[in-house]
Amino acid sequence: MSQDKIQADFDRIARLLAEEPERPDRYERFLLAQVPASCQRVLEVGCGAGRLARAIAARGAAVTGIDASPEMIRLARQGSPEDASVEFVCGDFSVQPLGPGLYDCVLSAATLHHMPVAATLARMKGLLRPDGVLVLHDLRSLVGVGDWLRSGLAAVCNGDAAWWIRSRLRERRVVRAAWREHGSGERYLTMMEVRALCETTLPNARIYCHALWRYTVVWTREPVQASPVQASNGSHVTEMGRVTPWK
Ligand SMILES: C[S@@+](CC[C@H](N)C(=O)[O-])C[C@H]1O[C@@H](n2cnc3c(N)ncnc32)[C@H](O)[C@@H]1O
């Protein structure tokens with residue numbers, strides 16, 4: 001999908017969201033828990049309307065949220081009190097000038113699939129301080145009947161399914177349609193691809209597989225980079241929300 005189309009889609013979605021009450025994402029608390037409390041400077045890539053960035057700033061960090069959609073950034077700024085330690089920047093992450101080695105945490109939710117994965121990860125890693133933490137959360141494609149069944153079972157058992165149904169019922173039809181049109185034809189990584197990517201690019205990352213077709217990768221930059229390890233040697237953790245029937 002071209003950058004122009006991404007921007008147009010999210011400008012449209014932002015205008016619709018401006019008329020809705022703000023609601024937390026199902027995985028917001030989980031993501032907040034991955035950001036170390038000691039972080040002083042945090043960058044959120046693809047911050048959207050800024051809810052997560054504000055929540056991190058409320059814990060005392062200075063947060064920069066960057067997003068390619070001017071309407072999303074307008075919404076994010078509107079929702080932020082003036083004295084908040086959070087700033088919102090409109091721009092394409094891949095070309096935005098940002099200080100290398102500056103951030104204690106770089107975080108991104110539901111955005112990586114819009115960008116070239118290898119180049120984006122390299123950029124994110126370069127922006128981290130030694131010991132800085134990268135938190136990547138994105139959509140995943142389900143593969144095969146087994147994946148659907150396991151995800152469905154986990155979603156029912158841990159309450160994700162009920163949450164999802166409630167949130168779909170609350171959403172206006174026009175908002176649902178805008179998300180559907182934006183998402184048609186999008187391609188997401190599978191869990192197998194996420195694991196392969198971590199083995200080559202993010203050694204020793206923790207990998208979480210969530211029920212609602214999402215995954216999270218948490219990786220800490222070492223002062224001296226460790227060499228890649230295999231997923232099969234037990235270095236990777238794979239979890240499924242609160243239910244871990246399959247690892
Ligand atoms: C699905 S939304 C997720 C927003 C927010 N992180 C959330 O979880 O609610 C993806 C966001 O990524 C932004 N985005 C896509 N490509 C981008 C890029 N190259 N640079 C910065 N932001 C980008 C879009 O404008 C959009 O707001």
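1. A residue is buried if 20 or more other C-beta atoms lie within 10 Å of its own, exposed if 12 or fewer, and partly exposed in between, with C-beta atoms placed from the backbone. In helix H4 (residues 70–78), the buried residues are Glu71, Met72, Ile73, Leu75 and Ala76. Helices (H or I, at least four residues) and strands (E, at least two) are DSSP runs, numbered from the N terminus. The cover over the buried residues of H4 includes H1, E2 and E3.

2. Some ground rules. This is a predicted model: local features need pLDDT of at least 70, side-chain atom pairs count only at pLDDT 80 or more, and totals for chains, interfaces and linings use all residues. Residues are numbered from 1 along each chain as its sequence is written.

3. The overall picture. The protein has nine helices and eight strands. Of its 247 residues, 33% count as buried. Two residues are in contact if their C-beta atoms, placed from the backbone, lie within 7 Å. Among contacts with a separation of 6 or more, 72% come from residues 24 or more positions apart.

4. The core. A nonpolar core is a set of buried Ala, Val, Leu, Ile, Met, Phe, Trp, Tyr and Cys residues joined through C-beta atoms within 7 Å. The largest one here has 52 residues. Val42, Cys105, Val106, Val135 and Val217 have the most contacts inside it. Leaving out residues up to four places away in sequence, Val42 touches Val35, Ile56, Ala61, Val63, Tyr103, Asp104, Cys105 and Leu107. In soluble globular proteins, nonpolar side chains tend to be buried together.

5. The strands. Two strands pair if DSSP finds at least two bridges between them. Strand E1 (residues 41–45) runs parallel to E2, and five bridges join them. Between E1 and E2 the chain passes through helix H3 (residues 51–57), and this β-α-β crossover is right-handed. That term applies if, with the strands pointing away from the viewer, the path from the first strand over the helix to the second runs clockwise. E2 is also joined by five bridges to strand E3 (residues 86–90), again in parallel. Gly65 in E2 has Glu44 opposite, and Phe88 in E3 stands opposite Gly65 too. Strand E2 (residues 62–67) is mostly covered, with five of its six residues buried.

6. The ligand. Which residues are closest to the ligand? They are Phe10, Gly46, Gly48, Ser69 and Phe93, out of 19 that surround it. A residue is near a molecule or strand if its C-beta atom, placed from the backbone, lies within 6 Å of it. Helix H1 (3–17) and E2 each supply at least two residues of this shell. The shell divides into 10 nonpolar, six polar and three charged residues. Here Ala, Val, Leu, Ile, Met, Phe, Trp, Tyr, Cys and Pro count as nonpolar, Asp, Glu, Lys and Arg as charged, and the others, Gly among them, as polar.

7. Backbone points to check. Ala110 is not a glycine, yet its phi is positive, at about 55°. It lies in the loop between strand E4 (103–109) and helix H5 (117–127). Ala110 counts as partly exposed because it has 15 C-beta neighbours inside 10 Å. Asp131, also not a glycine, has a positive phi of about 75°. Asp131 sits in strand E5 (residues 128–139). It has 12 C-beta neighbours inside 10 Å, so it counts as exposed.

8. A loop residue. Glu186 is in the loop between helix H8 (173–183) and helix H9 (191–201). Why does Glu186 count as exposed? Because it has 11 C-beta neighbours inside 10 Å. Glu186 and Ser141 are 45 residues apart in sequence and 9.9 Å apart in space, C-alpha to C-alpha.
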